[in-house]
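Please keep the sequence and the model in view while reading.

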There are 2 protein chains.
Amino acid sequence: MKSFIEYSVDTDFPIQNNEKHIGVAIGEWILDLNVISHLFNGPLLKDKQNVFKEEKLNSFMGLTKPHWIEARNTLQSLLDVSNTTLHNDNELRQKAFVKQIDAKMHVPADIGDYTDFYSSIHHATNVGIMFRSKENALMPNWKYLPVGYHGRSSSIVISGTPIRRPYGQTLPVEGADPFFGPCRLMDFELEMGCFVGGPPTELGERVTAQQATDRIFGFVLMNDWSARDIQKWEYVPLGPFTAKNLGTSISPWIVTVEALRPAIVDNYPQDPPPFSYLKHDDKFNFNIKLEVDLKSGKSPAVTTICRSNYRFLYWTVKQQLAQQTITGCNIRPGDLLGSGTISGDTPDSYGSMLELAWRGTKPIRLVDGEERKFIQDGDTITLRGYAAGLDGVRIGFGKCEGTLLPATPFE
Amino acid sequence: MKSFIEYSVDTDFPIQNNEKHIGVAIGEWILDLNVISHLFNGPLLKDKQNVFKEEKLNSFMGLTKPHWIEARNTLQSLLDVSNTTLHNDNELRQKAFVKQIDAKMHVPADIGDYTDFYSSIHHATNVGIMFRSKENALMPNWKYLPVGYHGRSSSIVISGTPIRRPYGQTLPVEGADPFFGPCRLMDFELEMGCFVGGPPTELGERVTAQQATDRIFGFVLMNDWSARDIQKWEYVPLGPFTAKNLGTSISPWIVTVEALRPAIVDNYPQDPPPFSYLKHDDKFNFNIKLEVDLKSGKSPAVTTICRSNYRFLYWTVKQQLAQQTITGCNIRPGDLLGSGTISGDTPDSYGSMLELAWRGTKPIRLVDGEERKFIQDGDTITLRGYAAGLDGVRIGFGKCEGTLLPATPFE
């Protein structure tokens with residue numbers, strides 16, 4: 001295989017006519033699947049070519065794993081140097097390939113429901129130590145089920161979208177009255193998002209971790225922007241709410257599970273053993289190297305402030321989906337599951353400013369000499385990631401970027 | 001006005017052809033707005049008649065309050081006995097009116113995001129007393145902001161849809177290992193849902209309580225089914241999750257704010273006074289009488305187990321929307337805001353079994369002699385409500401009903 005580099009599916013780049021199309025990234029290029037939908041002639045897809053004509057990936061996601069694999073095989077074949085279909089048809093090639101730089105990216109699916117988990121044991125432990133104690137760092141339920149909560153779908157935005165520092169209520173002095181004003185502790189969270197695929201399930205239907213294999217479509221990078229001071233005041237007893245719904249950024253290219261196969265690694269050891277509905281036999285953990293860059297608005301220097309890895313997660317995404325559905329909650333293709341902040345066990349692998357600067361007690365020094373406890377106005381946060389296979393294969397996720405804008409004064 | 005009884009908007013009753021149409025309830029009948037869309041000839045709607053041709057109400061909701069009022073005026077005029085347009089056109093009348101009994105009801109909008117609040121001071125106090133103490137019943141934040149959390153959109157179902165008792169993890173013995181099995185403490189929650197209208201807002205935009213007037217489309221009855229034992233084990237620290245996503249029932253007819261005007265009453269007194277973004281000058285509380293019936297699967301007898309009122313809510317829905325958006329979260333027409341369990345200050349007005357039977361310590365006696373601490377398999381829960389105006393006007397919400405099915409055994 002020479003020309004096909006990675007199988008990343010995306011959508012929504014308006015070319016000449018501001019149309020949104022589904023596409024696949026090939027190096028600097030995007031292959032426009034709308035233009036070549038007629039070439040998906042395999043037994044499963046030949047009657048389903050319309051899914052590539054849509055603006056979003058939901059219909060394609062709503063097919064089955066064998067459909068996704070056939071699409072991947074067709075693409076690999078079309079892009080092979082020995083295949084003449086695209087190669088020798090100049091007119092089609094002209095229409096089918098778009099430079100990435102000329103395309104505007106969009107959120108690749110209608111996200112019916114977004115759920116965010118809390119699946120890094122290092123992150124949960126760090127936060128527990130900070131806000132409770134080392135002895136009671138993990139809540140009693142944490143090792144029995146993937147703790148999660150429902151998030152806000154409307155405010156999931158594509159990489160590049162600026163995020164505005166919010167106003168909200170905080171409690172600067174314990175026991176005193178709360179304060180209303182701009183957030184003072186803005187943070188990022190290094191996460192990965194997973195898109196759910198397969199036909200919708202019915203209310204009352206469960207998807208066990210074992211059954212979830214056919215339901216995991218692919219992954220993106222995700223920044224779960226968090227207003228820490230607002231979160232702390234509002235979150236009892238019903239969980240984070242407005243501290244998180246101000247914006248969640250995702251990278252535009254979905255890397256499918258098939259593409260990630262070379263990067264599969266052992267699952268994180270789990271003790272106690274999980275209940276049967278959370279058990280699965282296969283490895284479903286991935287060696288995805290993740291980095292976070294911070295660029296101050298005041299200088300061009302970029303500091304890599306975090307080096308983490310998806311493999312540090314305690315719970316797999318199949319277990320997350322099993323938890324999501326155990327009470328019979330129905331799922332739809334295009335649902336998004338967030339991993340939770342992905343922290344490793346070393347201080348440079350912590351996936352949030354809260355942990356990196358340890359609640360403001362250990363400020364981070366940037367390469368230009370500035371210091372950070374939390375994110376400042378004008379800072380750009382960039383998540384980057386690539387899956388690394390044993391055989392040297394490197395499957396890139398691109399980046400998930402956002403700049404923090406100053407708060408809009410309250411009238 | 002003789003023939004027009006209430007202005008309830010709904011959608012989605014497949015008539016002959018299983019098509020989903022938007023309609024308005026008139027006594028035993030439904031007026032099919034798809035069929036009479038050409039009659040909306042007012043200055044605002046004459047170019048927007050297509051919104052009545054859609055399957056869901058989102059596009060109509062996405063217009064503005066003046067559009068909604070014009071639609072209401074047009075309907076009132078068309079239904080007035082002195083108006084001949086519909087009255088004298090037999091063919092159109094035949095097509096335009098469908099018997100409610102012949103229609104299948106559906107969820108009236110695509111609910112992009114669903115948020116559930118916790119706005120009854122009596123409910124929050126009751127739960128606080130049960131799980132903490134009388135002295136610390138209300139959390140410190142409760143009187144400063146309408147506490148809420150993001151819920152699950154996919155599992156919102158229309159009245160009549162059965163709900164299945166879920167499996168899940170619980171902690172029967174404090175400090176011991178958790179247990180996996182069927183929920184043993186199934187509950188209902190008497191709530192009202194509010195559909196958000198108006199054009200979508202941008203990320204970063206705030207809607208203050210004062211501005212929210214133009215954003216409140218209308219109300220439905222809502223049963224937020226809750227698995228109490230599952231909730232108790234899972235909810236720290238990120239809030240309720242699978243204990244609530246097993247199903248949320250709503251009544252099909254949306255009663256608009258305009259229709260509720262005669263039932264407006266004083267807002268609940270708030271002390272301390274709310275922050276500016278939560279303040280609004282006008283009355284936006286409603287005298288909506290609410291009742292909950294329980295019918296055992298073993299007998300035909302129906303027991304009214306709760307008599308409550310929407311007016312008992314401490315926070316208004318305008319304040320809820322202001323809180324939802326204070327950090328810049330964008331909203332979309334069709335978003336649903338749940339009130340939280342609506343309990344009054346007397347034991348017969350408590351809006352959940354948890355409170356009515358006081359955590360199982362005071363079982364409820366049904367008219368057929370049975371007792372209940374929580375809901376049993378086969379029980380049918382029916383919420384009913386009507387707004388009562390000072391002038392004797394009575395605006396019905398119909399009912400929100402669901403039967404609890406036994407859990408599906410786990411294989």
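Helices (H or I, at least four residues) and strands (E, at least two) are DSSP runs, numbered from the N terminus. This is a predicted model, in which local features need pLDDT of at least 70 and side-chain atom pairs count only at pLDDT 80 or more, while totals for chains, interfaces and linings use all residues. Residues are numbered from 1 along each chain as its sequence is written, chains are lettered from A and ligands numbered from 1 in the order in which they are written, and side-chain values use heavy atoms, with hydrogens and water left out.

The interface is the starting point. The size of an interface is often given as the accessible area lost when the parts come together. Here the buried area (the accessible area, with a 1.4 Å probe, that two parts lose on being put together, summed over both) is about 5800 Å² between chain A and chain B, and carbon and sulfur atoms give 61% of it. Three residues, A:His150, A:Leu238 and A:Phe241, supply 14% of the area that chain A buries against chain B, more than any other three residues. In terms of contact (heavy atoms within 4.5 Å), 63 residues from chain A meet 63 residues from chain B.

By the rule for a salt bridge (a side-chain nitrogen of Lys or Arg within 4 Å of a carboxyl oxygen of Asp or Glu), four are found between chain A and chain B. One of them joins B:Arg152 to A:Asp335, with the closest N and O atoms 2.7 Å apart. A polar contact is a pair of N or O atoms within 3.5 Å; within protein, one must be able to donate a hydrogen and the other to accept it, and residues adjacent in sequence count only if both atoms are side-chain atoms. Across the interface, 32 residue pairs are in polar contact, both residues being at pLDDT 80 or more. The elements of chain A that give two or more residues to the side touching chain B include strand S5 (114-117), helix H6 (228-234) and helix H8 (317-325).

Helix H6 of chain A also holds A:Gln231. In an unreviewed entry, UniProt places the feature "binding site" at A:Gln231, together with A:Tyr118, A:Arg132, A:Tyr235 and A:Thr341. Such annotations may be inferred rather than shown by experiment, and the positions are given in the numbering used here, with feature names shortened.

Over all chains, the structure holds 42 salt bridges. In one of these, A:Asp224 pairs with A:Lys244, the closest N and O atoms being 3.1 Å apart. This pair links distant parts of the chain, 20 residues apart: A:Asp224 is in the loop between strand S13 (216-223) and strand S14 (226-227), and A:Lys244 is in the loop between H6 and strand S15 (248-250).

Most residues other than glycine have a negative phi, and most peptide bonds are trans. The bond from A:Asp271 to A:Pro272, however, is cis, with omega near 5°, and A:Pro272 is in the loop between strand S17 (264-265) and strand S18 (285-286) of chain A. In chain B, the bond from B:Asp271 to B:Pro272 is cis, with omega near 5°. A:Arg359 has a positive phi, near 60°, and is found in the loop between helix H9 (353-356) and strand S22 (364-365) of chain A.

The loop between S17 and S18 of chain B also contains B:Asp266. Not counting residues up to four places away in sequence, B:Asp266 touches B:Lys283 and B:Asn285. Its side chain makes a polar contact with the side chain of B:Lys283 (3.0 Å).
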